[in-house]
Amino acid sequence: MQIGWSAHFGLGRAGCGALALAAIAVGCVARQPAASSETAAATARPAFGGERAAFGETASGASLGQGAGRCQNVPAISTDPLLADFEQDSIFVRPVPQRWGTWYMGNDGSPDGRQEPDSFAAERGGYGGSNYAVHFKVQGFTEWGAVLGATLRYAPEDGIRCPYNASGFDGLSFMAKGKGRIRVNVTTPDTVPTDEDGRCKKSCWDSHGAFVFLSDEWTEQRLPWSAFAQQGWGTAARLNLNEILSINFVVGRADQPAELWLDDLKFIPRGAGAGASK
């Protein structure tokens, strides 16, 4: 399977291949370039804490398709907008009723590439004197680059995972500092291939996103949904806020070296002033 990370982010030819599925669902590790590693990854579907279940799979193993059962009419949950402040130093997004997700880091496996840390971990030194934030440094990745991201799912019962309905919010906000430029992507089934939790059949992975320029000081970045757009090289799709699969912070190959500190990621509540950051 030679779709994946490069097509995912629109930043070059195929790079991470089979690990794209694991990364979108529950996590990713830096790819080893050997084909045997990719084959093993596709078989085992590695994830933080063990192997993951297939999309929509119930605890009993029964499949729950996107168009059936609980995934057909996922409610918009507009309470508790905070997704992560990293104070628990956990791979999971902030747990609230019916919401589930995990953090991951990954890259294209370029031989001379360097990513710090190697896998997701919070680090001391959060915004405003808080204990933890995420610190992500990358350089030398020449295919598509590197990514820090989080899956997001509606989880009404144990074992059921559906795309998350974020239509009750006006956008995303987060605190960030660092060096370079990142692209904040939101993936939905309409831009994700059919064999990787989506409905897209060709020219996939042109996700909706917005570029953010980092500075040395902590800055609040506010991105209304209107700021998110496709880059134009893939199948055209609207941003369907009813079905979000993941939120990704991507460092492209042309934007390295780069360094990102991230804290206090949250949805913007309705009417809270979602104007984009200057």
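The disulfide between cysteine 200 and cysteine 204 is left-handed, because the torsion about its S-S bond is about -100°. The model is predicted, with local features requiring pLDDT of at least 70 and side-chain atom pairs counted only at pLDDT 80 or more, while totals for chains, interfaces and linings use all residues. Residues are numbered from 1 along each chain as its sequence is written, and side-chain values use heavy atoms, without hydrogens and water.

A disulfide is taken as a pair of cysteine sulfur atoms within 2.5 Å, and 2 disulfides are found by this rule. The sulfur atoms of cysteine 200 and cysteine 204 lie 2.2 Å apart. Cysteine 200 counts as buried because its relative accessibility is 6% (buried: under 20% relative accessible area, 1.4 Å probe, protein chains only). Cysteine 204, at 11%, counts as buried as well.

In the other disulfide, cysteine 71 is joined to cysteine 162 with an S to S distance of 2.1 Å. This link is left-handed, with -85° about the S-S bond. Its two cysteines are 91 residues apart, cysteine 71 in the loop between helix H3 (35-44) and strand S1 (82-84) and cysteine 162 in strand S9 (residues 162-163). Helices (H or I, at least four residues) and strands (E, at least two) are DSSP runs, numbered from the N terminus. Both cysteine 71 and cysteine 162 are buried.

Strand S11 (residues 181-187) is largely enclosed by the rest of the structure, since 6 of its 7 residues are buried. Strands pair if DSSP finds at least two bridges between them. S11 runs antiparallel to strand S12 (residues 208-213), joined by 6 bridges, and arginine 183 has phenylalanine 211 in S12 as its bridge partner. With strand S14 (residues 246-252), S11 pairs in the antiparallel sense over 5 bridges; here valine 186 stands opposite isoleucine 247.

Key:
Buried means under 20% relative accessible area, exposed over 50%, partly exposed in between (1.4 Å probe, protein chains only).
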